[in-house]
Each structure stands twice: as C-alpha cells, then as structure tokens.
Amino acid sequence: MFGGLCSCPCFGDRSSDADGSEVDPVLLVSGMGGSILHSKNKKFGFETRVWVRILLADLEFKKKLWSVYNPTTGYTETLDDDTEILVPDDDYGLYAIDILDPSLVIKLLHFTEVYHFHALIDMLVKCGYKKGTTLFGYGYDFRQSNRIDKLMEGLKMKLKAAHQASGGRKVNIISHSMGGLLVLCFMSLHNEVFSKYVNKWICIACPFQGAPGCINDSLLTGLQFVEGFESYFFVSRWTMHQLLVECPSIYEMLANPEFNWKKQPEIQVWRKHSTDEETSVDLESYGPIESITLFEEALRDNELNYDGKMVALPFNSEILKWAAGTRQVIYDAKLPDGVCFYNIYGTSFDTPFDVCYGSETSPIDDLSEICHSMPQYSYVDGDGTVPAESAKADGFDAVERVGVAASHRGVLHDETVFKYIQKWLGVDQKVRKHSKSSRVVDAST
C-alpha cells in the first residue's frame, strides 16, 4: 500500500462558514458491528431489528443472525432460509450508523454504549452539513468480506449519490475501524472510481495490520460488545462466537504475518502433557502462522444446535483462503494522485496483543477446552481494541497522521478528534465546546 504525492488543497478554506451547499459532501463509513441489521421475512416482507437490540437480544440473534459461510458464493448466509439480512437506508444511510438501538426506552435511558456515529453526525450538522445534500452514511452487513461485490457496489452507489446530490462535488470519506479496510479494498479494486469521486479520506482507528489480541480471542472464545451489568441484556459472548467463526470480515483482521511487528503477536497456552509415568506443564507459544494449527485443533468439535439440528462450525479454512486474497488486495492498494489521506489512531489505552489460556496451576489438557476458558492478555499501547502500531501503519503518504488519547469507540465522540476533522474539512462548528481531551501527536509528523 503505497500512495502517491498529494496535490490537493489539503486543509481547505477556513475563512467561509459552511452552509450545507458550500462544502464538499461527507460520507461516514462504519466498522465491525457498527451498522443496524434487520431481518426480513422473505414471504411476508416484514422486518425486525436483530442488531443492535438490548431487549431479547440473544434470542433474536440466534434465530436470525447465526450463519454459515458459502464457499461457492463467498457470502455468509443466515441459517434461517426464510430470512434475509438487510441494512436500513433511512435518513440517507445515517439512521443505520447513528444510534444502533434507536428504541424509545434506550433513548430515554441514554444508553451511550449504542450511540455510535451520533455525536459525529451532530457535530457535522452544527458545522452546516445537511443530510441528503452534503452528509451521508454507509452501513453494511459486517458479517461479509470487506471486498465482497455487494459491499463494493453499495459503496460505489453511495459515493455516486453524494456526488450528484451536492452538485458534482467530490466526496470526503470518514471511516471508522474496519470501515477503513472496506474503503481500502474499494480503493484497490476500483481505483479509477475512487479517484473520480473522492477528495479526502479521513481514516479513524483502522486495523491496517490486524488487531491480534481481540481477533485471536474472538475466534477462540467470542466477543463481548458490552461489559458490566448491561451485558446481561445483550448478546452473550458464546452466542457471538458462533457467528464470528463464520465471518470473513473477522478472518481479514487477523494479524498480518508479513508485517514487521516490533514483537510478533502470540497465542500462549499453558498445556498439560501426561504419560504413564509423569505429568508435565509447559507454556506453548503460537505466532501468526502457527496459530492456524491451534485454531483448527481448538475448534475441531465446535458446533451449535439450530432448530434441533446440530451444525458443525470448525475453523473455516475456506474463509482463511479468501482472507489471504483480501490481504493481497489491501497490499495492492494505491492512493490516487489528488486524494488526500489523514489517519487518526487511538493511544493511551491498554490494548490486547498476546493472549494466554490456562495457567501453570490450571493448565489446558485438550485444546478444545480453550473455547470454554477466559483469556489473559498482555497489552500494548492503542485504543483498547486496535494496537497503535497497527492503526498507524497505513503505508500511505499521509497529509497528517495523529494519535489521540481515546478508546476505540470513544474516538467517535472525542472533542480532539472533532477538532482535527473540522481542520481537515476546513469547517468550523457554530457552537463551540471546550475540549478536555489530551492530545498525542505522532512524533514522525
């Protein structure tokens, strides 16, 4: 991923106030889990929100979102043959990425865990952006590969719509997390279209080289999106695990084994070995390549009960092959001349890097036991999800690359991040708020 020199007016004109017609349109692109998903009954046509929801979350998730990968098509398909998964496109695509559970009770309780792009949308509106004219959103089925045709075509149509609605102005993309990988795949596969429609790309908290600790553990034990008391009303870690094993997008965020890490990420297992004569406990270590064998062994018996039928969900070698192709697509990406690139990455939070299962006093006997254990992490600097080392390794000639002391989801409502976005877009928020966020800037800039 090597970009050319940027020849555009990168910082814009801050002298004129934005009124919604004098600014370039902005397209917001969400990341993993950052879009509302609806299930639509194929026969009757009615829709139900299955992600995100707080009430009856686990039940609806199992019924409508559990899926299997189809290696013939490359798509992950729901186990419910009567259902198709859709992303609502209301409010010019903004509804699906704004408040992820927009039910009245959640709004009344102001449950901020599901307030996703809400603060950023609000800030941009206060800067003069107008929904449907200069402000748009792109939510997508995040189960799928970041390079799958349906997602690429959807992004192309969004860019075209924003370009036309704004009177032919080029679009400024703001992506978050895995949304950066989706934009990257689009730029690689449709470079001429990207060059035609895009002016600036502001990339926030993107796992360019993977998110080793979080993704390794997601494939082995699952993922808990909400912690604390609220987690009892949300999708359980195990329920989420059964979906993620069949998601190409997860495999595409495994640690890049070709990247020159300061230290190679590892999975460690305290392992018990028994013979007729004695028992020993050893600490086994697996790097990014060796981990594949561990995944295969640990998940060999993984299965779920769906509507009375047992469905095998081992580590999916077909998805792994597809993900390797995606990594090549990412490697081949080039930033078109005239497109300005900016990178914001999170710092100052303990971020999982190495992950360890078992202990010296309570070792793992059979590797399949890992899936029912809890991980112990070793940490590096980052946003709590993506290591800073990965997030700033974009490989492009960035106009500016900055670190901000914010968490992975917190960057989307951080005042320091908003200041950078306003600066790079060349706009001012009409209602100013004092920023209390600390500022960390990459020394290389």
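This is a predicted model: local features need pLDDT of at least 70, side-chain atom pairs count only at pLDDT 80 or more; totals for chains, interfaces and linings use all residues.
**Thr239 and its helix**

I began with Thr239, which I found in helix α8, residues 237–244. Is Thr239 buried or exposed? Its relative accessible area is 0%, so I noted Thr239 as buried. Leaving aside residues up to four places away in sequence, I listed what Thr239 touches: Asp58, Phe61, Lys62 and Trp66.

**Ser218**

Next I looked up Ser218, which sits in helix α7, residues 212–220. Ser218 has 2% relative accessibility and therefore counts as buried, the cut-off being under 20%. What does Ser218 touch beyond residues up to four places away in sequence? I found Leu223, His241 and Leu244. I then checked His241 against Ser218: they are 23 residues apart in sequence, with 6.5 Å between their C-alpha atoms. I also followed the side chain of Ser218 to the backbone oxygen of Cys214, which it reaches at 2.7 Å.

**The cores**

I turned to the largest nonpolar core, which has 99 residues. Which of its residues touch the most other members? They are Trp51 and Trp201. The largest share of this core comes from α5, with 7 residues. I also noted a second, separate core of 32 residues, and Val23, Leu94, Cys127 and Val427 are among them.

That sent me to helix α5 itself, residues 179–189. The helix is mostly covered, with 9 of its 11 residues buried. The buried residues include Leu181, Leu182, Val183, Leu184 and Phe186. Gly179, Gly180, Cys185 and Met187 are also buried in α5.

- I placed Val52 in the loop between β3 (47–51) and α1 (57–64).
- Tyr92 is not a glycine, yet it has a positive phi of about 60°. I found Tyr92 in the loop between β6 (83–86) and α2. With a relative accessible area of 44%, Tyr92 is partly exposed.
- Asp307 is not a glycine either, and its phi is positive at about 55°. Asp307 lies in the loop between β12 (303–306) and β13 (309–312). Is Asp307 buried or exposed? Its relative accessibility is 72%, so I put it down as exposed.

**A patch on the surface**

On the outside I marked a nonpolar patch formed by Leu55, Leu56, Leu59, Val105 and Leu109. Together these residues have about 510 Å² of accessible area. I picked out Leu109, which belongs to helix α2, residues 104–109. Leu109 has a relative accessible area of 64%, over the 50% cut-off, and so is exposed.

**The chain as a whole**

I finished by stepping back. How many helices and strands does the chain have? I noted 13 helices and 18 strands. Of its 445 residues, 56% count as buried. The accessible surface comes to about 19,000 Å², and carbon and sulfur atoms account for 51% of that. Last, I looked at contacts with a separation of 6 or more: 76% of them are between residues 24 or more positions apart.

How values were computed:
Residues are numbered from 1 along each chain as its sequence is written. Side-chain values use heavy atoms; hydrogens and water are left out. Patches are made of residues with over 30% relative accessible area and no salt bridge: like charges are joined within 9 Å, nonpolar side chains (Val, Leu, Ile, Met, Phe, Trp, Tyr) within 5 Å. Accessible areas come from the Shrake-Rupley method with a 1.4 Å probe; for residues, only the protein chains shown count as cover. A salt bridge is a side-chain nitrogen of Lys or Arg within 4 Å of a carboxyl oxygen of Asp or Glu. Helices (H or I, at least four residues) and strands (E, at least two) are DSSP runs, numbered from the N terminus. Buried means under 20% relative accessible area, exposed over 50%, partly exposed in between (1.4 Å probe, protein chains only). Contact means heavy atoms within 4.5 Å. A nonpolar core is a set of buried Ala, Val, Leu, Ile, Met, Phe, Trp, Tyr and Cys residues joined through side-chain atoms within 4.5 Å. A polar contact is a pair of N or O atoms within 3.5 Å; within protein, one must be able to donate a hydrogen and the other to accept it, and residues adjacent in sequence count only if both atoms are side-chain atoms.
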